[in-house]
Each structure stands twice: as C-alpha cells, then as structure tokens.
Amino acid sequence: MKPKDKVKIIGEAKVQPHDVQTEVAVLATLMRFNEKFDEYSDMLTDNLFYMEENKAIYQCISGTIMTSCTTDIRSLVDYAKTHEVAYPLDETSFLNIVKFVSIETVDQDIHRLRRMWKQREIWRQLQFAAQNILDPTNNLEDVINETISTLGEVQNDTVDTGVYSFDASIGELNALVNDNAQGIRKSLETGFRLFDEYFLLRPTTLTVIAAFMGVGKSSLAMNITVNAAQNGNGVGYYSLEMGKSELAARAISGRAGISSSVLMNSKLSDFQFKQFDRAIGEMSGLPIYIDERATISFDNTIRSIRTLVKTKGIKLAVIDYLQIYSQVSDNNEASLGYMARAAKNIAKECNISVILLSQLSRGKEHPSLDMLRGSGQIAESADNVVLIDRPESVPDNSGKYDGDFKDADIHGTAKLILAKGRGVGTGCSLIGFDGRYTQFYELDQERSFKNDVPF
C-alpha cells in the first residue's frame, strides 16, 4: 500500500492527530541518512508514530543503528525477524517507504510529529482524567493534581529539548551579569550568611544539608523555609517524619516563644495562648505548601514539585530526608544515587532551588563530606553540600569545634560548613541555636564568618 493510500484510508476514520506521509518521510530519511538519527535521537521515540507499522519500522531503524549496523534492507529485515517489534514486517515494508526521503524538511517533519504526539497524549490524559473524575471511589483533588502533573510532563518533554546554541547561552549569561550590576538577586535569601553570601539557593541548584542524627537538620531547613517564604518565595516542604501540624508547630515555635512539644501536647496558659495567637497572626498567609500524600514515594515527590511550580509558583523545594525514602529499596546505594540525581534534575527542569536533607554516618567526632550516608553519588549530584556541626548535641564530645572557631563556646551555637560549593568555594559560619524552640539564628558577630571564595 502506498503512503498516499494509507493517508486516505486512515483519514476517513481519524480519531487523533497524525499524518502518515510525514511519518513515512521521517522514516525514509532516517533509513537513508543515519547521521540524522544521531542528530535528532534525543527527540525521537517510537511513540511519535501513530501507525503500528511505522512504529515497528522505527524500532528496526533505531535498533539497527544502535548495534552499529548499516540500515540496508537486509539488516532491517533481520532485525525485524530477531526482535519483538510492534507490527510484522518484511522486505516490502521497507521498500515501500525508501523512495519518500525528504532530508530538506526532516527537521520540521520531526517537530510536526512531536507536536501531534503531544496532542494525542494530552487527549489521552484528559480522557483518562474524565473517567477517573466520574469514579466515585477516587479522590477528586488527587485526580486533578495527578492530571496537572502528567500534562506538565508532556509539556516539558515537547517544548524544551535542552539543546541551546552558544549564542543563546551567552545571552542568558549577559542577562545575569546585568541583573547583578543592578542588584537584582536571583538566589533566595535565607537569613543565614553562609547561604546568602555564597548565593547557594540559586535557580537550578541542589543543596544538600547533612548532619548526624539529632543535630537539627530539619530545624535548619524549616528556619530557611520560613525566611524564604517571608520574602515572598513559595516553598514546597516534603517530610516523611512529621505531619503538617508538627511542621507548623516547628515553624511557629520560635515566634511564639513556646516549644513545639508544648504546642502539640500541652494545655496552654492564657499568656501562651496570646503568644500563640500573635505568632499565627504574624505568620499566616506564608506561601508554604505541605503535600503529605506526595511522600509515598520519591517519584511522587518529584511529580508534586512539578505541580506546585505550575500551580503555586514555588521557588524552593525542601525534601526531608533522603535516607527514609531509600528504605523501601533493595539496593540502598543505587536508590540514594537515583534520588539525588532526580532532585538535581527537577531543580534544572523547573528552574528552582532544591534542598535535600541527608544523614551522616558516624565514625568521627566532627562531620566531613566523606560521611554522607549511603552513597558518594549524593555529593556528586549536589551543587552545594552544607554540613552542620553541633558538638553540644553529641554525648562525650571534646567540647570544641574542629578547625575554625575551635575557641568558640559550643553551648547554644552550631557551625555550618560549606564542604562543597560548585563555582562559589568553601567556607564556614558560626550560628546560634536555641534548643528550647529548636531554632537556628544568625549571630551578630563579624568573626562568625570564614570563607575561601575562589573569585
């Protein structure tokens, strides 16, 4: 059957956007000019092709090229016979399309196929959502959020190929330099000098905050969350350890002057009620979003981040903490590495900053980069790694900080160590810690900041 005949027949029963002639032209060009497959491989999948026969032909072409063989008719037929493909093929299948080569238009043809695939996929997802909405056993909000997330993935997959010219890269750099000259800040302000003066929470960056158990990494993350939100930046917070009311208690505790355990478990006095009401009044309306359902799995968390970026415009996502997610996996190290890379990827994809909390393995008195628990891939994926050293929290400690600030009082303080800073250097800072309210705060001392900036 000729491609034009196929178009006519399919067109009469057309239910979804597709164009057989365009599909055949792309296949013929890839088969004749294998270098075009290499050039466009990041944009091509068998799902771009609507016809099952064309899907199978693409599978044979791509499979043959990937095995370093020339895509002549014999090689393609051999591949079809020895592999499971979407449709039965023979020599005639390939001979029928070979004359429709269109190298001059292959770029626009591939983009057209991607656009039609996008239309089909959106149609399919909306049909699926309509069925789920009508199912009384489904939660309506869950269906809506899942649909928004899935449609966002389709949009990102088709709009941005991730390939930019050098001129485009220079243009982005030029805009950044001009913003810096005008004092326009792209990194989020946290209220902590180590984060703010090193511009750690820049868009697309992954910052790992790591500490021994019980040192206060969750508290520091919540302090940063509140400070960022008070500056008008939306934050998504994901915690496997604490529910939304406990997270709210952690956030309000310091402002109310009441410990979070008292807020959660005790009857407040009249004075405490006034303090509590005042704190709520000061902190209500902060753009902090807690998605408890998204912590079922790390993939769900990533999908939720994508949804909150689109629906709430968040600029920061905090994930607390990595090792709890990995407990459901048989291969702990591989799982941690996958999640660290996924966190970095979502930061790049959504142009936001991500904070990922991680435990350190004990073995030394003070924290170091090589103590990241479970996988060296965590540090490799991170742009920045901040370690928290709080000797006061460790039984039988030496009573001193290691290195910088070794003469500082360990009581009511903590040391933040920038152990890795991609493009910004390393350094450390001494900050305050109020154990009554599990709150970290910046000390008003010039000597509390040490740096080693490479610029």
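View 1. The model is a predicted one, in which local features need pLDDT of at least 70 and side-chain atom pairs count only at pLDDT 80 or more, while totals for chains, interfaces and linings use all residues. Residues are numbered from 1 along each chain as its sequence is written, and side-chain values use heavy atoms, with hydrogens and water left out. Strands (E, at least two residues) and helices (H or I, at least four) are DSSP runs numbered from the N terminus. S2 and S3 run parallel and share three bridges; two strands are said to pair if DSSP finds at least two bridges between them.

**View 2. Strand S2 also pairs with strand S4.** S4 comprises residues 314-320, and its pairing with S2 is parallel, over six bridges. Within this pairing, leucine 316 of S4 is the bridge partner of valine 235.

**View 3. Strand S2 is covered on both faces.** In a regular strand the side chains alternate between the two faces of the sheet. On one side of S2 lie Gly234, Gly236 and Tyr238, on the other Val235, Tyr237 and Ser239, and all are buried. Thus six of the six residues of S2 (residues 234-239) are buried. Buried denotes under 20% relative accessible area, exposed over 50%, and partly exposed the range in between (1.4 Å probe, protein chains only).

**View 4. The second largest pocket has a volume of about 510 Å³.** Of its 18 lining residues, Asn145, Asp291, Arg293, Ala294 and Ser304 are the closest to the centre. Helix H8 (140-159), strand S3 (288-290) and helix H15 (298-311) each supply at least two lining residues, and H15 gives the most, with six. The lining comprises five nonpolar, six polar and seven charged residues. Here Ala, Val, Leu, Ile, Met, Phe, Trp, Tyr, Cys and Pro count as nonpolar, Asp, Glu, Lys and Arg as charged, and the others, Gly among them, as polar. A pocket is an open set of points on a 1 Å grid over the protein atoms alone, where a 1.4 Å probe fits, with protein on both sides within 12 Å along at least five of seven lines; lining residues have an atom within 4 Å of a point. Grid points are joined across faces, edges and corners, and the volume is the space filled by probe spheres set on the points.

**View 5. Aspartate 19 and arginine 112 form a salt bridge, with an N to O distance of 3.2 Å.** Aspartate 19 lies in the loop between helices H1 (3-12) and H2 (20-32) and arginine 112 in helix H7 (residues 106-134), so the pair ties together parts 93 residues apart in sequence. Aspartate 19 counts as buried at 16% relative accessibility, whereas arginine 112 counts as partly exposed at 33%. A salt bridge places a side-chain nitrogen of Lys or Arg within 4 Å of a carboxyl oxygen of Asp or Glu. The whole structure contains 11 salt bridges.

**View 6. Arginine 255 and glutamate 282 meet in a salt bridge (3.2 Å, N to O).** The pair links helix H12 (residues 244-256), which holds arginine 255, to helix H14 (residues 270-283), which holds glutamate 282, 27 residues apart. Both Arg255 and Glu282 belong to a network of salt bridges with Arg278.

**View 7. Glutamate 349 and arginine 306 meet in a salt bridge (2.6 Å, N to O).** Glutamate 349 belongs to helix H17 (residues 332-350) and arginine 306 to helix H15, 43 residues apart. Arginine 306 counts as buried at 9% relative accessibility, and glutamate 349 as partly exposed at 34%.
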